[in-house]
Amino acid sequence: MGSIKAGRPAAPVNEKKRRGTFKKSRDNAAHPPVQPVKDLPQAPEHLDEIGKNFYLRLAAHARKMKTLSEQDEIMLEMAAQAYSNFMHCQAVVRESGYVYSNPTKFGTMFRGRPEVAMMMQLWKQVEASLTHFGLSPATREKVKQIGAGSEQLSMFDVLNGKVVTMHAKASGHE
């Protein structure tokens, strides 16, 4: 079917090096460098007002957490479109109810609105998008900031107090 692998996503190279599990033979040396965005990206024009607002909210949160790169704008766009569609389906369900009646020669038949199934599928898409940026309670601590942990320390750095300096910067006691 697709090329999506099942199971746990691969750890970033920096994380593997930090843990000591990095193997050069398994590394993709041609992977593109990723940098965090400095400015908020503009919402795409084709999104409606709901989608644009969600796009900007999601971008602001992900940028603040340093989990947003320029390459992620397509994922942001897909999440915003799914959220907008979800909200439109929700408006239909709120207006018309979860079921509709269909008269038949045997009597009235009640069926579930297709918008309900669509809402459930769209919400799964939105939720999956949020997890990619670490914006769900379950994934917040599992996502690495872009550029975080990329500095490798040698034993010389440790002996010269660089670890203490880095710890002081991280805790604000420089």
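Which residues does Arg111 touch, not counting residues up to four places away in sequence? In this predicted model, local features need pLDDT of at least 70 and side-chain atom pairs count only at pLDDT 80 or more, while totals for chains, interfaces and linings use all residues. Residues are numbered from 1 along each chain as its sequence is written, and side-chain values use heavy atoms, with hydrogens and water left out.

Arg111 touches Tyr98, Val99, Tyr100 and Asn102. Contact here means heavy atoms within 4.5 Å. Arg111 itself belongs to strand β2. Helices (H or I, at least four residues) and strands (E, at least two) are DSSP runs, numbered from the N terminus. The relative accessible area of Arg111 is 36%, and this residue is partly exposed. Ser101 is 10 residues away from Arg111 along the chain, yet their C-alpha atoms are separated by 6.3 Å.

The pairing of the strands comes next. Strand β1 (residues 99-104) runs antiparallel to β2, and six bridges join them. Two strands pair if DSSP finds at least two bridges between them. One of the bridges links Pro103 to Thr108 in β2. Two residues lie between β1 and β2, and the strands form a hairpin. Strand β2 covers residues 107-112, six in number, of which zero are buried, so the strand lies largely in the open.

The buried residues of α4 are Glu115, Val116, Met119, Leu122, Val126, Ser129 and Leu130. They cover an arc of only 135 degrees around the axis, so they sit on the same side of α4. The arc is that of the directions from the helix axis to the C-beta atoms. On the other side of α4, Met120, Lys124 and His132 are exposed. The cover over the buried residues of α4 includes α2 (49-64) and α3 (73-96).

Is Glu115 buried or exposed? Glu115 counts as buried because its relative accessibility is 18%. Leaving aside neighbours within four places in sequence, Glu115 is in contact with Cys89, Val92 and Val93. Just after α4, Gly134 takes a positive phi of about 70 degrees.

Terms used: Buried means under 20% relative accessible area, exposed over 50%, partly exposed in between (1.4 Å probe, protein chains only).
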